[in-house]
Amino acid sequence: MDSIFTKNSSILPHPDVVWREVDGEVVLLNVVTGQYFGLDAVGSQVWILLQSAGPQGANLHTLCTLVTGRFEVDLATAEADLTALISDLLAQQLLAVA
């Protein structure tokens, strides 16, 4: 696994991350680095999708489809927001690229 992210990359939760859903939002903790992160409603849905995607992960297109199908947001905005979120979580070692 590496941290180079493209539109076609398979994204998955980092193996060192534990998580819990609290009041409809997901809280992440990398047990090795100590990085902690709270996700809002949209980010929580993305995280849950990544959990259910299995070891192959999910790509940006799949995540955009989820977000535009469940929330009132256009595709361009969803892609930009998800790219920022994924990049942030990768930098904090909370996600990984397969």
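A polar contact is a pair of N or O atoms within 3.5 Å. At the start of helix α3, a side-chain oxygen of D74 meets that criterion, because it comes to within 3.1 Å of the backbone nitrogen of A76. The model described here is predicted.

**Nonpolar core**

- The largest nonpolar core comprises 26 residues, and L28, L39, I86, L89 and L95 touch the most other members.
- At least two residues of this core come from each of β3 (25-30), α1 (41-52), α2 (60-70), α3 (75-91) and β5 (95-97).
- The greatest contribution is that of α3, which gives six residues.
- In soluble globular proteins, nonpolar side chains tend to be buried together.
- L89 is in contact with L28, F37, L39, L94 and L95, when its neighbours within four places in sequence are left aside.

**Helix α3**

- Helix α3 has 17 residues, and the distance from its first C-alpha to its last is 24 Å, close to the 24 Å expected at 1.5 Å a residue.
- Its buried residues are A78, L82, L85, I86, L89 and L90.
- Viewed down the axis of α3, these buried residues lie within an arc of 130 degrees, and they therefore line one face of the helix.
- An α-helix has 3.6 residues a turn, so residues three or four places apart point the same way.
- On the face of α3 turned away from the buried side are the exposed residues A76 and A91.
- The packing partners of the buried α3 residues are β1 (11-13), β3, β4 (36-38), α1, α2 and β5.
- After α3 comes Q93, which has a positive phi, near 60 degrees.

**Helix α2**

- The buried residues of α2 are L60, L63, C64, L66 and V67.
- These residues cover an arc of only 160 degrees around the axis, which places them on the same side of α2.
- The exposed residues H61 and G69 are carried by the face of α2 turned away from its buried side.
- Helices α1 and α3 are what the buried residues of α2 pack against.
- The N-terminal end of α2 is capped by N59, with a side-chain oxygen 3.2 Å from the backbone nitrogen of H61.

**Salt bridge**

- The structure holds one salt bridge, and the side chains that form it are those of E79 and K7, at 3.0 Å from N to O.
- This pair links distant parts of the chain, 72 residues apart: E79 belongs to helix α3, and K7 to the segment before β1.
- Side chains of opposite charge can pair when their charged atoms come close.
- E79 counts as partly exposed, with a relative accessibility of 25%, whereas K7 is exposed, with a relative accessible area of 53%.

- N30 lies in strand β3 and is buried, its relative accessible area being 0%.
- The side chain of N30 reaches the backbone nitrogen of V32 at a distance of 2.9 Å.
- Beyond its neighbours within four places in sequence, N30 is in contact with H14, D16, V17, Q35, Q93 and L94.
- One of these contacts, Q93, is the residue with positive phi that follows α3.
- D16, another contact of N30, is found in the loop between β1 and β2 (17-22).
- D16 is partly exposed, with a relative accessible area of 29%.
- Apart from neighbours within four places in sequence, D16 is in contact with L29, N30, V31 and V32.
- A C-alpha separation of 14 Å lies between D16 and P55, which are 39 residues apart along the chain.

**S44**

- S44 lies in helix α1 and counts as buried, at 2% relative accessibility.
- The side chain of S44 reaches the backbone nitrogen of V26 at 2.8 Å.
- With neighbours within four places in sequence left aside, S44 is in contact with G24, E25, V26 and L39.
- L39 is also one of the core residues that touch the most other members, and it is in contact with L89 as well.

How values were computed. Residues numbered from 1 in each chain as written. Predicted model: local features only at pLDDT ≥ 70, side-chain atom pairs only at ≥ 80, totals over all residues. Heavy atoms only, no water. Core = buried A, V, L, I, M, F, W, Y, C linked by side-chain atoms within 4.5 Å. Buried < 20%, exposed > 50% of the residue type's maximum accessible area, 1.4 Å probe, protein only. Helix = DSSP H or I, 4+ residues; strand = E, 2+ residues; numbered from the N terminus. Contact = heavy atoms within 4.5 Å. Expected span 1.5 Å × (residues − 1). Arc of directions from axis to C-beta. Polar contact = N/O pair within 3.5 Å; in protein donor to acceptor, adjacent residues only side chain to side chain. Salt bridge = Lys/Arg side-chain N within 4 Å of Asp/Glu carboxyl O.
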